[in-house]
Amino acid sequence: MAGRNGRTVRDLRRGNRTAVLQRLYFDGPLSRFELGPATGLSSGSVSNVVADLVADGLVEEAGSVDSDGGRPRTLLRVAPDSGQMIGVDVGETRVRVELFDLALNELARTERPLTAQRYDADVIAGHIREGVAEVLAARAAVPERLLGIGVGVPGIVEHTADRGAVVHGQTIGWDAVPLERLLRTTSELPENVRYFIDNGAKTLGQAEMWFGAGRGARNAVVVLFGSGVGACLVTPEVEHGRAVEWGHLTVRVRGRRCRCGAPGCLEAYAGAESLLARWREAGGRPPAGADEETALTAMLAAAYPADGGAADPVALAVLEETAEYLGAGLSDLINLFQPERIIVGGWAGLQLGTRFLPAVRRHATTYALRHPADKVGIELGRLGPDAVTVGAAILPLADFFTSGGHRPAPAPQSPLPAWRTALRERTPGA
């Protein structure tokens, strides 16, 4: 039966379960007494919801705490082993796949390096499929426990009714790649295991806002600084964040050609790929055959010698120019969105780290309007290089909370499905 506002009793129960699960997840362990004011539910509703969640195996006891003169109160928490998520980061140099429990403790991981044909869509889909099978086998996990598989990718992700998630990745040569359909048609997982595909900057933003440097902020921008650059905007109106193609903001008319094909993009000056290219063009010598991460490490060592020796003036000049471009780019985010925090993440951002950040802050303040610049804090992300993978795993977790902790019903399976055969072959003694 639907009420005056159109909500049914089922909607109300689901909302109550969501409220209790989220408060226990982010603020737990908590007692039933504490859950009332934390969720706005009556004591009777809290007791009923907790009983349901305990019966479903989602909530468990976590010790007790003394009360004021009464019986000790039992503490409750979300049971970490009651569900699992997989996070996938389709990065610039590798595809990383990680299996997490419900508390986002890492259970298993694998990586697939990307080589010459690194962004061939079928190759990427194969890496994801094989990585998922490997992490499941490593823990003898069963897909029925999966809440879903989150995937962070470069580019714009469009969610369509007929083809699922479609990726428009101009910088990697993807023109409307139906990635979700590719994964689904090559998957050996049950049909009720969902894929959640989104922009990598958005998954980074999700992770930092839930567990990292963005926690507690209402209005923030999380910047991904890797081979290219991107950003995720989080506001009260866009709670889970929106990816913005910040790297393709024009910073110089008729400037350097970006890998997207347009001239003068921020990414053509501030991305790690272009930073290293400008170092080479100016006479710098990255290690022969080195990948981008190794080459950037060498550039930093040349510009800022650990032994206190003379700095390489070419490397230092390119890095200082890059800091100015990044600061100018951040000033646009400050003027447009007036965030209270800007968080810099991504492997290159973290590698450049605290040595680079003061110059970026200085240039951002110089180029931005004074009032919003005075109110923003600019800091490094706190979750390290795995933040995109963690954020990808959060996508199915957020959906799980929204559903009140209800899993999709399992699809009918043959007596011995292919995925179980694969797991038996990979698991000794199974």
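1. Glu98 and Arg109 form a salt bridge, with 3.6 Å between the closest N and O atoms; the term covers a side-chain nitrogen of Lys or Arg within 4 Å of a carboxyl oxygen of Asp or Glu. Glu98 belongs to strand 5 and Arg109 to strand 6, so the pair ties together parts 11 residues apart in sequence. Strands (E, at least two residues) and helices (H or I, at least four) are DSSP runs numbered from the N terminus.

2. On provenance: this is a predicted model, in which local features need pLDDT of at least 70 and side-chain atom pairs count only at pLDDT 80 or more, while totals for chains, interfaces and linings use all residues. Residues are numbered from 1 along each chain as its sequence is written, and side-chain values use heavy atoms, with hydrogens and water left out.

3. Is Glu98 buried or exposed? Glu98 has 1% relative accessibility and counts as buried, whereas Arg109, at 35%, counts as partly exposed. Buried stands for under 20% relative accessible area, exposed for over 50%, and partly exposed for the range in between (1.4 Å probe, protein chains only).

4. Arg109 also forms a salt bridge with Glu111, where the closest N and O atoms are 3.6 Å apart. Glu111 in turn forms one with Arg96, at 2.8 Å between the closest N and O atoms. That pair links distant parts of the chain, 15 residues apart: Glu111 is in strand 6 (residues 106-113) and Arg96 is in strand 5 (residues 94-101). Glu111 is partly exposed, with a relative accessible area of 32%; Arg96 is buried, at 8%.

5. These contacts are part of a network of salt bridges that links Arg94, Arg96, Glu98, Glu106, Arg109, Glu111, Glu293 and Asp386. The structure holds 21 salt bridges.

6. Strand 5 and strand 6 run antiparallel and are joined by seven bridges; Leu99 has Ala108 in strand 6 as its bridge partner. Two strands count as paired if DSSP finds at least two bridges between them. Strands of a sheet pair through backbone hydrogen bonds, either parallel or antiparallel.

7. Which strands form the edges of the sheet? The sheet is open, has five strands in the order 6-5-4-7-11, and shows mixed pairing. Its edges are strand 6 and strand 11 (195-199), each of which pairs on one side only. From one strand to the next the twist averages 15°.

8. Helix 4 (residues 121-138) lies across strand 4 (84-90), strand 5, strand 6 and strand 7 (146-153), and runs at about 150° to strand 6. Contact means heavy atoms within 4.5 Å. Axes are lines fitted to C-alpha atoms, for helices over the stretch in contact, and angles run from 0 to 180 degrees between N-to-C directions.

9. The disulfide count is zero, a disulfide being a pair of cysteine sulfur atoms within 2.5 Å. Cys258 is in no disulfide, and the nearest cysteine sulfur, in Cys260, is 3.7 Å away. The sulfur of Cys265 lies 3.8 Å from its closest cysteine sulfur, also in Cys260, which is too far for a bond. Cys258 is buried, with a relative accessible area of 4%, and Cys265 is buried at 2%.
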